[in-house]
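Please look through the sequence and the model shown below, and keep both at hand while reading this report. Each section takes up one part of the fold and follows it through its residues.

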Amino acid sequence: MSATEATARIFDIQSFSLKDGPGIRTTIFFKGCPLKCRWCHNPESHSSLPQLMFHGNLCVGRMKCVESCRHGAHGVIPGDPSPLHVLDHGKCVGCGDCVDVCCYGALTLVGEDYTPSSLLKRIENDSRYFCLHGERGDEKGGLTFSGGEPMLYPDFIAEFCALVPDIHTAMETSGFAAAGAFKRVADCIDLFLFDFKIADPRKHEAWCGVDNSLILRNLDFLYRSGKEIILRLPLIQGVNDTADHADAVAALLGRYPRIRRAEILPYHTYGLGKLEELGMRVDPAVPEKAAAPELAKTWVEGLCRRVDAEVVCL
């Protein structure tokens with residue numbers, strides 16, 4: 001890697017994304033997040049460090065990982081009819097030696113470092129479908145920066161966007177970053193997919209680890225800077241499916257009438273299995289079932305009656 005280029009840690013790159021901005025897109029997921037949302041469906045994004053995930057359903061018990069690990073993270077316990085693999089995530093240093101000897105994909109190391117030029121090389125073949133129209137039929141695609149929190153890497157994103165000046169760029173963000181970071185990237189991002197999770201600041205801190213005051217200031221900055229914004233609304237039953245939160249969303253859309261639309265993202269349980277694979281605790285307060293379709297429909301209809309903005313469910 002060049003000593004002069006910025007670097008960023010990325011944990012996934014998804015081609016042919018249809019729900020992360022207009023058209024057909026490539027979504028780049030950055031590792032690390034200042035929020036710790038308890039319902040997060042990408043818990044592997046929380047830490048900026050590489051992390052080992054163990055997919056037990058793919059393990060065939062060859063135990064090559066046990067032999068390769070120099071740190072005692074992998075072990076074997078008696079089982080019936082055959083020994084069982086165990087993993088102590090606390091001893092793992094993220095070296096990846098075990099991943100190299102696991103030929104069945106039961107182990108993956110989450111997080112790879114890129115420079116802007118190496119990322120461009122990785123995704124350059126995707127550009128051929130950016131000119132195609134997506135599900136809405138009226139817009140072309142491009143690149144979306146997601147995470148984790150991509151705003152942890154403003155210099156990297158600014159340098160990367162300079163390499164692709166003719167490609168539409170979107171950023172999915174929690175909004176929790178220094179104002180200077182948003183100023184750094186404002187001119188190179190065409191569309192902000194801006195999360196509004198919980199209106200009450202104390203409840204926001206209890207569920208996400210921080211209050212929402214900085215988030216709201218950054219939303220105001222982007223709006224007053226003339227940036228195109230889609231407001232993204234995670235909907236988690238028992239957490240933010242309240243009348244008070246609906247009132248706050250409606251007030252926000254009324255305060256910022258140029259927001260392009262609001263997108264409701266119903267809660268799903270994909271993150272629960274990932275927590276187990278990462279060796280992380282499942283929060284008992286987090287719902288065990290996905291949000292019912294009727295809940296999202298009620299929210300869409302309710303907001304549409306109250307605001308002029310377009311409201312959709314993804």
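## A histidine in strand β4

In this predicted model, His 74 has a relative accessible area of 7% and is therefore counted as buried, the limit for that word being under 20%. His 74 belongs to strand β4, and its side chain makes a polar contact of 2.8 Å with the side chain of His 85.

Which residues does His 74 touch, if those up to four places away in sequence are not counted? They are Leu 52, Cys 65, Val 66, Cys 69, His 85, Val 86, Leu 87, Cys 98 and Leu 107. Among these, Leu 52 is itself a buried residue of strand β3, while Leu 107 is the bridge partner, in β6, of Phe 54.

## The open sheet

How many strands form the open sheet, and in what order do they follow one another? There are 9, in the order β7-β1-β2-β8-β9-β10-β11-β12-β13, and their pairing is mixed. At the edges stand β7 (112-114) and β13 (310-313), each of which pairs on one side only, and from one strand to the next the twist averages 30°.

Helix α4 lies across β1, β2, β7, β8 and β9, and it runs at about 170° to β8.

## Asp 20, between β1 and β2

Asp 20 sits in the loop between β1 and β2. Is this residue buried or exposed? Its relative accessible area is 12%, so it is buried, given that the cut-off is 20%.

The side chain of Asp 20 makes a polar contact with the side chain of Thr 27, at 2.9 Å. Leaving aside residues up to four places away in sequence, Asp 20 touches Arg 25, Thr 27, Thr 144, Ala 170, Glu 172, Leu 193 and Arg 232. Asp 20 and His 204 are 184 residues apart in sequence, and their C-alpha atoms are 24 Å apart in space.

Two peptide bonds of the model are described here as cis. One runs from Asp 80 to Pro 81, with omega near 15°, and Pro 81 lies in the loop between β4 and β5. The other runs from Gly 147 to Gly 148, also with omega near 15°, and Gly 148 is placed in the loop between β8 and α4.

Positive phi values in residues other than glycine also deserve a careful look. Phi of Phe 16 is near 60°, and this residue is found in strand β1, where it is exposed, with a relative accessible area of 52%. Phi of Met 63 is near 65°; Met 63 lies in the loop between β3 and α1 and is buried, with a relative accessible area of 13%.

Rolling a probe the size of a water molecule over the atoms shows where empty space is left.

The largest pocket holds about 1,100 Å³ of space. It is lined by 44 residues, and those closest to its centre are His 41, Asn 42, Glu 172, Leu 265 and His 268. At least two lining residues come from each of β1, β2, β6, β8, β9, β11, β12 and α9, and β1 gives the most, with 5 residues.

Methods
Residues are numbered from 1 along each chain as its sequence is written. This is a predicted model: local features need pLDDT of at least 70, side-chain atom pairs count only at pLDDT 80 or more; totals for chains, interfaces and linings use all residues. Side-chain values use heavy atoms; hydrogens and water are left out. Helices (H or I, at least four residues) and strands (E, at least two) are DSSP runs, numbered from the N terminus. Buried means under 20% relative accessible area, exposed over 50%, partly exposed in between (1.4 Å probe, protein chains only). Two strands pair if DSSP finds at least two bridges between them. Axes are lines fitted to C-alpha atoms, for helices over the stretch in contact, and angles run from 0 to 180 degrees between N-to-C directions. Contact means heavy atoms within 4.5 Å. A polar contact is a pair of N or O atoms within 3.5 Å; within protein, one must be able to donate a hydrogen and the other to accept it, and residues adjacent in sequence count only if both atoms are side-chain atoms. On a 1 Å grid over the protein atoms alone, a cavity is a set of points where a 1.4 Å probe fits but cannot get out, and a pocket is an open set with protein on both sides within 12 Å along at least five of seven lines; lining residues have an atom within 4 Å of a point. Grid points are joined across faces, edges and corners, and a volume is the space filled by probe spheres set on the points.
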